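Hi,

Here is the structure I promised to pass on. Have a look at it first, and then read on for what I found.

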Amino acid sequence: MWRLRRITESEHAAGWAFAFPAVCLIFVFGLVPVVWSALLSFQRTNLIAPGQWIGLANYKALPHDPLFQASIVHSLIYTALFVPLSVAGGLLTAVALNRRIRGIRIYRTAVFVPVVLSTIATAIMFLWLLDPNFGLVNYLLGQVGLGPYGFFDSATGALYSIVGMTVWGWIGFDVIVYLAALQGIPQSLVEAAEIDGVRTWSMFRNITVPLLGPATLFLVVWSSINALQLFDEVYLLTKGGPGTSTYVVVYYLYSLAFSQGVAGYAAAIAYVLLVAILSLTLIQLWVGRRLVYYAS
Amino acid sequence: MTSQIASQVLDPPQRPADEEEREPGRFLFSPWHLVLIPIAVVMLIPMVWMLVTSLETLNETRHFPPTLLPHTLRPGNYTQVLRQAPFARWFLNTMIVTVVTVLGNLLFCSLAGYAFARIKFFGREVVFVLLLTTLMIPFQVIMIPTFIIVKDLGLINTLNALIVPNLANAFGVFLLRQFFRTLPVELEEAARIDGASRLSVLFKIVLPLSGPALATLAVITFLWTWNDFLWPLITIYSPNTMTLQLGLTTFEGTHQTATNLLMAANVMSMLPVLLLFFLAQRYFIRGIASSGLKG
């Protein structure tokens, strides 16, 4: 009995000794800031001097802040375009790539490569590709009688240009997930449908798409979370402009906290963002559970 | 996502029907090429044009219609970039930060992952759930207090500001814990009965069997750290302490009109990641599918 207890005690010590470095780091830099951020959102503070408690004033100011509202609208427009375009584009590309023909590895690699490029590198590449004066895209559009467009320089087109660029950068991720899910579709089902004379489109619509439901739900949730966190591209390409046409939530929160020193107010925005992301995720999962067919 | 994703995506499993399916494809031109070629072109053109531009003269870049084939290739643009900006320094900084972060994650996530997988200790379940909740918190939401913590530790504008907060990651702990639990426990128990310590069981038995999981974690941490931008932007301001991504944006700010140099700089910044991608494609695919990456 005494011996048994000694072993369990050493288990506690060993467990904690092994887990401690990682747990300590993750708590200090991942969990403590969640609480701290909430506390900051009730203060007026500039990151240097100690803050003053001002209750809910930061939150009460939000509905009267036109730039905050513009940022929310732009983030939502961006998300509403980016998510369906990247997920649907990823699905179609994955279906096209899901066959054994010569050169398939080359096609797949071409689609995967942009996923490993940094947002900054991608943005610099597109800055030049979509250059209003010397860009390749305006040249190609000119060949078919369109343009020239201002792209990132145009108040009406900048946000859409960012959508297009980020879909290019992300689509490989959706393709990877869909390709893995496509491998899981039972071959017997496809063959049975072929024997019954089901047409290609009908097969895609009635067999492939429903069976890919779980992958689609995962991608919709994940892409939405990432879309609401858009920052790097806006910082590099447009700084929120022209005018305020590309102000998005994280860019606004960054500029408030780190250029204007309004950290308490920015923390309130950060919390609104957190609640928005968590609720959107919950809604999507709730709707998804009703729509998605799980084979297992 | 499963751990078999990589092999499935890269090498689809052989199916019985394959032999018949394959035969016609060998002699006939599959109509799917007509779909796939345009897709590949759209994916590759931005990169190809960046490469072409990086080898042009400044005059060729200021020309419309664009110069698609430069008259002479100018690799000198690359050495000019290295002279005009502390690129070598940024490269070295990024390398230091990335290598230390990857090693830290491999060590600390292995230790913690093993504890959560195999050792029953007080508070294990609660602590594990708390770790998992951090996975749901976007970094942007906590960056202000994280900045204050790092500032109070006196790390601002040092490479440690980029390294210390990222030495361990809940995703890594979770990934390794899940993998360790799939290993046969009998092997470890036998070693324990023979008198091996927990530490030597982990390092001599468990980790040598965990190559694929460790490689996935290493590759994903590499990519996250190498490509990270927002955190260095907040914590680093001296040119000599910058990482590549941060340095690139300042270079972009000062060389907006020197497109050929900017593209050369961009190509150089991508090379290490591309090289690693082609060397370890299978682990990239697995890591990308299992983590969601690119956050």
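Let me start with helix 15 of chain B, residues 244-254. Its buried residues are Leu244(B), Gln245(B), Leu246(B), Gly247(B), Leu248(B) and Phe251(B). What do the buried residues of helix 15 of chain B pack against? Within chain B, their partners are helix 6 (87-118), helix 13 (211-227), helix 14 (230-235) and helix 16 (259-279), and from chain A there is helix 5 (119-129) as well. Before you go further, keep in mind that this is a predicted model.

That contact with helix 5 of chain A brings us to how the two chains meet. Here 75 residues of chain A are in contact with 87 residues of chain B. Which helix gives the most to the side of chain A that touches chain B? That would be helix 1 of chain A, residues 2-40, with 21 residues. Sorted by class, the side of chain A facing this contact has 58 nonpolar, 12 polar and 5 charged residues.

Now chain A as a whole. You'll find 13 helices and 2 strands in it. Its radius of gyration is 25 Å, well over the 19 Å that the globule rule gives for 296 residues, so chain A is more spread out than a compact globule. Along the principal axes, its C-alpha atoms fill a box of roughly 75 × 70 × 35 Å. Of its 296 residues, 44% count as buried. If you take the contacts in chain A with a separation of 6 or more, 70% of them come from residues 24 or more positions apart.

The crossing of helix 3 and helix 7 of chain A is right-handed. By class, their contact has 19 nonpolar, 6 polar and 1 charged residues.

In chain B, go to helix 7 (residues 124-134) and helix 10 (residues 170-181). These pack at an angle of about 125° with axes 8 Å apart, and that angle makes helix 7 of chain B oblique to helix 10 of chain B. Helix 7 of chain B passes helix 10 of chain B in a left-handed crossing. On the helix 7 side you'll see Leu131(B), Leu132(B) and Thr134(B), which meet Ala170(B), Val173(B) and Phe174(B) of helix 10 of chain B. The residues of that contact divide into 5 nonpolar, 1 polar and no charged.

Most residues other than glycine have a negative phi, and most peptide bonds are trans. Where does Pro242(A) sit? Look in the loop between helix 11 (232-237) and helix 12 (249-258) of chain A. The peptide bond from Gly241(A) to Pro242(A) is cis, with omega near -5°. Lys239(A) is also in the loop between helix 11 and helix 12 of chain A, and has a positive phi of about 50° although it is not a glycine.

Over in chain B, Asn157(B) lies in the loop between helix 8 (139-152) and helix 9 (159-163). Its phi is positive too, near 65°. With 15 other C-beta atoms within 10 Å, Asn157(B) is partly exposed.

Enjoy exploring!

Technical notes:
Residues numbered from 1 in each chain as written. Chains lettered and ligands numbered in written order. Predicted model: local features only at pLDDT ≥ 70, side-chain atom pairs only at ≥ 80, totals over all residues. Helix = DSSP H or I, 4+ residues; strand = E, 2+ residues; numbered from the N terminus. Rg over C-alpha atoms; globule rule 2.2 N^0.38 Å. Buried ≥ 20, exposed ≤ 12 C-beta atoms within 10 Å, placed from the backbone. Contact = placed C-beta atoms within 7 Å. Axes fitted to C-alpha atoms, helices over the stretch in contact; angles between N-to-C directions. Parallel < 35°, antiparallel > 145°, perpendicular 65-115°, else oblique. Left-handed = near helix turned anticlockwise from the far one by under 90°. Nonpolar A, V, L, I, M, F, W, Y, C, P; charged D, E, K, R; others polar.
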